[in-house]
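Work through the exercises below with the sequence and the 3D structure at hand. Try each task before reading its solution.

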Amino acid sequence: KPVRNAKIPSLALNSRSAISLLVNAQGEERTLFNKAIDKQLPIASLTKLMTAFVVLKNYDLAKEIKISREAVSQEENLGKLNVGEILSVEQLLYPLLMESSNDAAFALANDYDGMREEVFVALMNSEAQKLDLKNTHFINVTGLDPENSNETNYSSAYDLTLLAQELLKTPLIRQIFSTSK
């Protein structure tokens, strides 16, 4: 076992909230560090974790989506999507999660077989309730703060660990993150 060297100062984080978990191969976890883990804070692009979760639970991954002009016009160009491009739902998960593509998030929530963002966000909040994410609420699929509103997507460090654990149960998510190393 490692021995604590008293000459080295204790870990001090300036963050408002944090959690560090060690999960072994059997799925047993041990909390290594935590600070204000239930504090509700804006989560920005971490929103896309729930966007992916809803897609994985409700969408046919092989279904193709034609990328709309409105999707491409979203803030940033990380997904490098093009108007009229046709991609499968599975293909859109990669830029959504690996590049934090707002274009991909918008396309998944608006360009899929009659889906609308309002309905998609309701599904996100429903899934948050089912997962018992008590300090989590969504207003959009991207995590961008609306221009004319004080509302924002929020969650807590603890809730995000629960969501991440659920996502990691999905073979496709394990595959996406194992190929990104």
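## Exercise 1: The pocket lining

By class, five nonpolar, three polar and five charged residues line the largest pocket. Here Ala, Val, Leu, Ile, Met, Phe, Trp, Tyr, Cys and Pro count as nonpolar, Asp, Glu, Lys and Arg as charged, and the others, Gly among them, as polar. The model is predicted: local features need pLDDT of at least 70 and side-chain atom pairs pLDDT 80 or more, while totals for chains, interfaces and linings use all residues. Residues are numbered from 1 along each chain as its sequence is written, and side-chain values use heavy atoms, without hydrogens and water.

**Task.** State the volume of the largest pocket and find the residues closest to its centre.

**Solution.** 
- Step 1. On a 1 Å grid over the protein atoms alone, a pocket is an open set of points where a 1.4 Å probe fits, with protein on both sides within 12 Å along at least five of seven lines; lining residues have an atom within 4 Å of a point.
- Step 2. Take the volume, the space filled by probe spheres set on the points, which are joined across faces, edges and corners. The largest pocket has about 280 Å³.
- Step 3. Look to the centre. Of 13 lining residues, Asn140, Thr142, Leu144, Asp145 and Pro146 are the closest to it.

## Exercise 2: A loop residue

**Task.** Where is Asp132 found, and is Asp132 buried, partly exposed or exposed?

**Solution.** 
- Step 1. Asp132 is in the loop between helix H5 (117-130) and strand E6 (154-155). Helices (H or I, at least four residues) and strands (E, at least two) are DSSP runs, numbered from the N terminus.
- Step 2. Its phi is near 60 degrees, a positive value in a residue other than glycine.
- Step 3. Apply the cut-offs: buried is under 20% relative accessible area, exposed over 50%, partly exposed in between (1.4 Å probe, protein chains only). Asp132 has 43%, so it counts as partly exposed.

## Exercise 3: Salt bridges

**Task.** How many salt bridges are there, and which residue pairs with Lys130 at 3.6 Å?

**Solution.** 
- Step 1. The rule asks for a side-chain nitrogen of Lys or Arg within 4 Å of a carboxyl oxygen of Asp or Glu. The count is five.
- Step 2. Lys130 pairs with Glu127, with the closest N and O atoms 3.6 Å apart. The two are three residues apart in helix H5, so about one helical turn separates them.
- Step 3. Lys130 is exposed at 60%, whereas Glu127 is buried at 5%.
- Step 4. Widen the view. Lys57, Glu127 and Lys130 form a network of salt bridges.
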